[in-house]
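Here is a short briefing to read alongside your viewer. Please keep the sequence and the structure open as you go through the points.

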Amino acid sequence: MARLSELGIDFDHWCFACGRANPSGLHLDFDVARHRAQTRFVPRREHSGYDGLVHGGIVTALLDETMGWAIFHAGIWGVTSRIAVTFRRPMMVGDNLVVTGTVTKETHRAIETHGEVRDASGILLAEADATFLVMPEDRRRELERRYSRIDEAFAKVREAVAAEEKVLEHGRT
């Protein structure tokens, strides 16, 4: 998997989940592979719902963002049109969480994904299924202008994913 921050991906923006400019944000970074993204997160007190428990909205944001980054390697810009979260076990402030998102189906208009939150020992805490709509071309061009180095970022991620797949392929022969 390729770590986005190590590839020079620009996180200097206000996105609540991954932006570094947002002082209240989660400041997530992601490892990505083909159709897959993963992040690690340790919730703090400000992420609480009931005292000591992580707020369900924070859990949903973690899942939504991670599933969204699972489509990134292909250069696709998408927006969440539907997300269904199932909470399996409570998450405690201070837990080491591993969040994974995978692409399960693609069409020309939409991408379906699945996400999971697990604790450090691998116990499933929450899962989600979501549909992302592929962004219209005019909106995509607008965002690409705003995030001026995005083509370079997509190219770096594609190269890293291809290199990882080549290593894995040679290991199987």
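Trp-69 is buried in this predicted model, with a relative accessible area of 12%. This tryptophan also belongs to the one aromatic pair that a search of the whole structure finds.

**The aromatic pair**
- The partner of Trp-69 is Phe-30, with the ring centres 5.5 Å apart.
- The two ring planes meet at 25°, which is under the 30 degrees cut-off, so the pair counts as stacked.
- Phe-30 sits in the loop between strand S1 (2–3) and strand S2 (31–33), while Trp-69 belongs to helix H1 (residues 56–69).
- The pair therefore ties together parts of the chain that are 39 residues apart in sequence.
- Phe-30 is buried as well, at 0% relative accessibility.

**The sheet**
- Seven strands form an open sheet with antiparallel pairing, in the order S1-S2-S3-S5-S6-S7-S4.
- The edges are taken by S1 and strand S4 (78–87); each has a single partner strand, so one side of each has no neighbour in the sheet.
- Within the sheet, strand S6 (residues 110–119) and strand S7 (residues 124–134) run antiparallel and are joined by nine bridges.

**Ala-70 and its surroundings**
- Ala-70 lies in the loop between H1 and S4.
- Its relative accessible area is 0%, so Ala-70 counts as buried.
- Leaving aside residues up to four places away in sequence, Ala-70 touches His-35, Arg-36 and Ala-37, as well as Gly-101, Thr-102 and Val-103.
- For a distance to check in your viewer, the C-alpha atoms of Ala-70 and Lys-105 are separated by 12 Å, with the two residues 35 apart along the chain.

**The cysteines**
- How many disulfides does the structure hold? The count is zero.
- Cys-15 is in no disulfide, and the nearest cysteine sulfur to its own is that of Cys-18, 3.7 Å away.
- Cys-18 is likewise in no disulfide, its nearest cysteine sulfur being that of Cys-15.
- Cys-15 is partly exposed, with a relative accessible area of 25%, whereas Cys-18 is buried at 3%.

Methods
Residues are numbered from 1 along each chain as its sequence is written. This is a predicted model: local features need pLDDT of at least 70, side-chain atom pairs count only at pLDDT 80 or more; totals for chains, interfaces and linings use all residues. Side-chain values use heavy atoms; hydrogens and water are left out. A disulfide is a pair of cysteine sulfur atoms within 2.5 Å. Buried means under 20% relative accessible area, exposed over 50%, partly exposed in between (1.4 Å probe, protein chains only). Rings of Phe, Tyr and Trp (its six-membered ring) pair if their centres lie within 6.5 Å; planes under 30 degrees apart count as stacked, over 60 as edge-to-face and the rest as tilted. Helices (H or I, at least four residues) and strands (E, at least two) are DSSP runs, numbered from the N terminus. Two strands pair if DSSP finds at least two bridges between them. Contact means heavy atoms within 4.5 Å.
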